[in-house]
Amino acid sequence: MSSIHVVIIEDEPVSARNLAHLLNKLDDSITIKTILNSVEESVTWFNSAGNDFDLVFMDIRLADGLSFDIFKLVNVSKPVIFVTAYNDYAIQAFKNNGIDYILKPFDDDEVEQALRKFNSLTSKPVRAQDNLIFEQLIRQINTNARPYKNAFLVHFRDKLIPVETEKIAWFYTANELVYAHTIDSRQYIVDFTMEQLEQQLDMNRFFRANRQFIVNRKEITEVAFYFNGRLVVKIKPDPPESIIISKARAPEFKNWMNN
């Protein structure tokens, strides 16, 4: 059996490694060609790689913008399976080589089904906007929609205690741990990745500012202009480092704040 060369575009290192491990477990003919973590890095790689790959697994929200921006800057000629925490990008996905759309957190069966779909399509032309595929996946997305979390159960000394989501000022990740910092300056470790949190939080109230931070709108006190079109977010309580919004994400952030 010939090898399937897969490109993974994912800005969460843990998620990228887990997906690569799962793909190799499901199909030993898969070779992970490369793992890319940003729009900029992906554009550079695709420009140099030509057609030397077969399939792309692509997250949608990356640290420097939406992965759809990649398609505006370079020709991606092979099928794409979108793996994301968001259920509101389906139409755009199918306009950009999408053959499947998997919501995080996913299980082995969902990824295996996506691989089967890829294998069934490789023997015939791939139509990214095929109506049947589109309708099937919209039904899947709606079926898989999950309610937002109202509270998180966290470890505190020798206990487990509930922390209400609305009382969390910001989430922060460092050294592959994720922390919830509350409005009364308490900090707890939560057992989720940042991407899993994005899927479980009401993103009308929370915003993924960058790779390190998810912020609560109610606790933002000020937004200042920063170098090169970026923004810096002031929030209470004070975070351990400045919260910077990239130039690419700045318009989306300002629209979110205006809603």
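1. A definition to start with: two strands count as paired when DSSP finds at least two bridges between them. Please keep in mind as you read that this is a predicted model. With that in hand, take β3 and β6, which run parallel and are joined by 3 bridges.

2. The open sheet is built from 5 strands with parallel pairing, in the order β2-β1-β3-β6-β7. Which strands stand at the edges? They are β2 (30-36) and β7, and each has a single partner strand, so one side of each has no neighbour in the sheet. On average, neighbouring strands here are turned by 20 degrees against each other, direction ignored.

3. Now for the helices around this sheet. Helix α2 packs on the sheet, where α2 touches β1, β2 and β3, and the direction of α2 makes about 130 degrees with that of β2. Helix α5, residues 108-121, lies across β1, β2, β3, β6 and β7. Relative to β7, α5 runs at about 175 degrees.

4. Setting aside residues up to four places away in sequence, Val56 touches Val7, Ile9, Phe46, Val76, Pro79, Val80 and Ile81.

5. Is Thr182 buried or exposed? Its relative accessible area is 3%, and the cut-off for buried is under 20%, so Thr182 counts as buried. The Thr182 side chain also makes a polar contact of 2.3 Å with the side chain of Asp184. Not counting residues up to four places away in sequence, Thr182 touches Val163, Lys167, Ile168, Ala169, Tyr188 and Pro237.

6. You will find Arg249 in the loop between β17 (243-245) and α8 (250-258). With a relative accessibility of 3%, Arg249 is classed as buried. The side chains of Arg249 and Glu252 are joined by a polar contact of 3.1 Å. Leaving aside neighbours within four places in sequence, Arg249 is in contact with Arg61, Leu62, Ala63, Gly65, Phe207, Arg208 and Ala209.

7. Finally, some figures for the whole chain. The chain holds 8 helices and 17 strands. It has 259 residues, and 49% of them count as buried. Taking contacts between residues at least 6 apart in sequence, 56% join residues at least 24 apart. The accessible surface comes to about 13,400 Å², with 47% of that belonging to carbon and sulfur atoms.

Note on methods:
Residues are numbered from 1 along each chain as its sequence is written. This is a predicted model: local features need pLDDT of at least 70, side-chain atom pairs count only at pLDDT 80 or more; totals for chains, interfaces and linings use all residues. Side-chain values use heavy atoms; hydrogens and water are left out. Buried means under 20% relative accessible area, exposed over 50%, partly exposed in between (1.4 Å probe, protein chains only). A polar contact is a pair of N or O atoms within 3.5 Å; within protein, one must be able to donate a hydrogen and the other to accept it, and residues adjacent in sequence count only if both atoms are side-chain atoms. Contact means heavy atoms within 4.5 Å. Helices (H or I, at least four residues) and strands (E, at least two) are DSSP runs, numbered from the N terminus. Axes are lines fitted to C-alpha atoms, for helices over the stretch in contact, and angles run from 0 to 180 degrees between N-to-C directions. Accessible areas come from the Shrake-Rupley method with a 1.4 Å probe; for residues, only the protein chains shown count as cover.
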